[in-house]
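Me: I would like a close look at one part of the model below. Start with the overall layout, then work through the part.

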Amino acid sequence: MCAEIIERNHHTLKVAYVPLGGDATVQWNSKDLIFKNTSASDFRIKMVCDSGKLTCSLYAKEDIDVGKISVNISKSGNNSYVLTRTVNGKQNYRTSSSYREQKTTTKKETTTKKDEKTTKKKKTTKKETTTAKQAEENNE
């Protein structure tokens, strides 16, 4: 194993780009993904997310045996998930994530008193016009 996860924060809302429970929030000066390099070498990390698959690559001057890493995510309750990471068959990290549903907003139509007066006035005008036409027809 070459890294130990020290801190990980999940998103508060559900995300679609990784399986639920497998995400990590990174927010400047607030939340971070922190790990400790437990190898004897410096290394660089490159992470790429493509078509729902997250690939993490390590680059170092020396060979680093990262071991056989397995990540399992299971649902635990309504909006909760448990992530378990094992290296060479031994569990070395476990965390849970809970998510809130995104709120949907609907636009309500509002009518102001000014709009109501204008609408009523238009209706009244239309009604008066109709009444005037009817009066002309009746006079003929």
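How many helices and strands are there in the protein? Then take the open sheet of three strands: what is its strand order? Please set it beside the hairpin of β3 and β4 and the nonpolar patch on the surface.

Reply: The protein has one helix and seven strands. Helices (H or I, at least four residues) and strands (E, at least two) are DSSP runs, numbered from the N terminus. The order of elements from the N terminus is β-β-β-β-β-β-β-α.

Some ground rules first. This is a predicted model, where local features need pLDDT of at least 70 and side-chain atom pairs count only at pLDDT 80 or more, while totals for chains, interfaces and linings use all residues. Residues are numbered from 1 along each chain as its sequence is written, and side-chain values use heavy atoms, with hydrogens and water left out.

Next, the totals. Of the 140 residues in the protein, 17% are buried. Buried means under 20% relative accessible area, exposed over 50%, and partly exposed in between (1.4 Å probe, protein chains only). The accessible surface comes to about 11,800 Å². Carbon and sulfur atoms hold 48% of that surface. Such areas come from the Shrake-Rupley method with a 1.4 Å probe, and for residues only the protein chains shown count as cover. Among contacts (heavy atoms within 4.5 Å) between residues at least 6 apart in sequence, 42% join residues at least 24 apart.

Now the sheet. The three strands of this open sheet have the order β5-β6-β7, and the pairing is antiparallel. Two strands pair if DSSP finds at least two bridges between them. The edges belong to β5 (69-75) and β7 (90-98). Each has a single partner strand, so one side of each is left without a neighbour in the sheet. From one strand to the next, the twist averages 15°. Axes here are lines fitted to C-alpha atoms (for helices, over the stretch in contact), and angles run from 0 to 180 degrees between N-to-C directions.

Take the pairs in turn. Seven bridges join β5 to β6 (residues 80-87), in the antiparallel sense. In that pair, Ile 73 faces Leu 83 of β6. Between β6 and β7 there are eight bridges, again antiparallel. There, Arg 85 stands opposite Tyr 93 in β7.

What sits at the turn between β6 and β7? The hairpin has two residues between the strands. Asn 88 lies in the loop there. Its phi is positive, about 55°, although Asn 88 is not a glycine. Asn 88 is exposed, because its relative accessible area is 54%. Gly 89 lies in this loop too. With 71% relative accessibility, Gly 89 counts as exposed. Gly 89 is also 8.1 Å from Ile 69, C-alpha to C-alpha, across 20 residues of sequence.

Compare the other hairpin. β3 and β4 pair antiparallel over seven bridges. Lys 46 has Ser 57 in β4 as its bridge partner. Two residues lie between these strands, and Ser 51 takes a positive phi near 50°. Asp 50 belongs to β3 and is exposed at 52% relative accessibility.

Asn 29 has a phi near 60°. Asn 29 sits in the loop between β1 (3-7) and β2 (34-37). Asn 29 is exposed, with a relative accessible area of 73%.

Last, the patch. Phe 35, Ile 45, Met 47, Leu 54 and Leu 58 form it, with about 420 Å² of accessible area together. Patch residues have over 30% relative accessible area and no salt bridge; like charges are joined within 9 Å, nonpolar side chains (Val, Leu, Ile, Met, Phe, Trp, Tyr) within 5 Å. A salt bridge is a side-chain nitrogen of Lys or Arg within 4 Å of a carboxyl oxygen of Asp or Glu. β3 (44-50) and β4 (53-59) each supply at least two residues of the patch. Leu 58 is partly exposed, because its relative accessible area is 33%.
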